[in-house]
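This report covers salt bridges, a pocket and a surface patch.

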Amino acid sequence: AAQLLSALPTMLACALVTRLLLPRKKGLQLAVAAIAAITAVKMSYDYNAREQNLYEVLGVAHSDKPMEIRKAFLRESKATHPDKNKPDAAASEEFIIVKGAYEVLRDEQSRDAYNRFGSEGLKSDPRVDELAFMVNLALQYVLWMITVGTLTIPIKCRAARTWGIMVGAGMLVAESALTLADVGLPSWWYPSTMTEFEAVQLVHSAFPGVFMALIALAEASFVDVDALTLQALKFMEDQARAATGLLHQVKAATHTLLQPRTSALDDPEATLANVDRVIEELSVELGRSTARAKEVAARLHKHATRQRANYTWLLFVGGYLAFYLFAGGGGG
């Protein structure tokens, strides 16, 4: 719930720029760029607002060996030891923090728990009761999926619902693998002092922006088949009515030609010219109707083809396998 509340300003800002930019020329590109900028600002704020982690306290990388961590502790402890900084009360507090960081990072088990679960993992390792941990994790993502479903109620956003659920499922699988399985991210995926737990939290802060970008993409590519079909039928009805009126004019003109002339004012050539004009107008109207029908049929065919060729679930499965194999082989 706290994550959802913190994500609301980001989602509102992204929704606002989508409404403003999407109707413009190249609106999708502008909206996605604006959403990416908002998401980057949110991620930067969350990263800088977090507490200093234990690796940053000692000035070491999360991939450093125990010997390097010990050397860093000796260096920092000399600089902050109370015996060498008696007048400085803050130095005593810093020394306690440095010593606490070393106590955690020197032990492989506590270090691994801290990397995967943060400071909460030091109080109680969630891997002791994996079922309870998975239930709590699944509930978090259920709340996200409820939010996704709520925001995609409009029919033009329905495609984003599927995409958002797939992204959420991918995040759930990745987070489960990073926390419970013996899987780690390659060291070059994130800063050297960042833990897997902090990387996952940073991805969480990016999800609202990613989801709003999916909504913008869904709206831009949406085809309202029902409205388009009704519009086409209305157009064809109007064209048929116009064509019927022109045919009545042809019938009247033909009837006039077949009648015997009763006056010198009756001019067969003028009547024939009028018939030619009406036939030409009829031909133009039928041509417009045919062109419109072809345009509608092409759009409907394109939409139907895109619906049938929805292989994104294969991409999801392939992406997960690639992540699991690659991250498992390259993690540390």
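K42 and D46 are joined through their side chains by a salt bridge, with an N to O distance of 2.5 Å. This is a predicted model. Both residues belong to helix α2, where they are four residues apart, about one turn of the helix.

The two partners fall into separate accessibility classes. K42 has a relative accessible area of 14% and is buried, because buried means under 20%. D46 has 26% relative accessibility and counts as partly exposed.

The whole structure holds eight salt bridges. In one of them, E56 pairs with R50, and the closest N and O atoms are 2.7 Å apart. E56 is partly exposed at a relative accessible area of 23%, and R50 is also partly exposed, at 23% relative accessibility.

R50 also forms a salt bridge with E198, the closest N and O atoms being 2.9 Å apart. This pair links distant parts of the chain: E198 is in helix α10 and R50 is in the loop between α2 and α3 (54–58), with 148 residues separating them. E198 is buried, at a relative accessible area of 13%. Through shared partners, the salt bridges join R50, E56 and E198 into one network.

## The largest pocket

The volume of the largest pocket is about 720 Å³. Its lining has 28 residues, and R50, E51, F197, E198 and Q201 lie nearest the centre. Two of these residues, R50 and E198, are the partners in the salt bridge with closest N and O atoms 2.9 Å apart.

Which helices each supply at least two residues of the lining? They are α1 (2–21), α2 (27–49), α6 (108–117) and α10 (196–220). The most comes from α10, which gives seven residues. By residue class, the lining of the largest pocket has twelve nonpolar, ten polar and six charged residues.

## A nonpolar surface patch

L131, V135 and L139 make up a nonpolar patch on the surface, and their accessible area together is about 300 Å². L139 is part of helix α8, which covers residues 130–151.

Is L139 buried, partly exposed or exposed? L139 has 48% relative accessibility and therefore counts as partly exposed, since exposed requires over 50%. Membership of a patch requires over 30% relative accessible area, and the 48% of L139 is given for a residue in this patch.

Definitions and conventions
Residues numbered from 1 in each chain as written. Predicted model: local features only at pLDDT ≥ 70, side-chain atom pairs only at ≥ 80, totals over all residues. Heavy atoms only, no water. 1 Å grid on protein atoms, 1.4 Å probe; cavity = no way out; pocket = protein on both sides within 12 Å on 5 of 7 lines; lining within 4 Å. Points joined across faces, edges and corners; volume = space filled by probe spheres on them. Nonpolar A, V, L, I, M, F, W, Y, C, P; charged D, E, K, R; others polar. Patch = residues over 30% accessible without salt bridge, like charges linked within 9 Å, V, L, I, M, F, W, Y side chains within 5 Å. Areas by Shrake-Rupley, 256 points an atom, 1.4 Å probe, with all protein chains shown as cover. Salt bridge = Lys/Arg side-chain N within 4 Å of Asp/Glu carboxyl O. Buried < 20%, exposed > 50% of the residue type's maximum accessible area, 1.4 Å probe, protein only.
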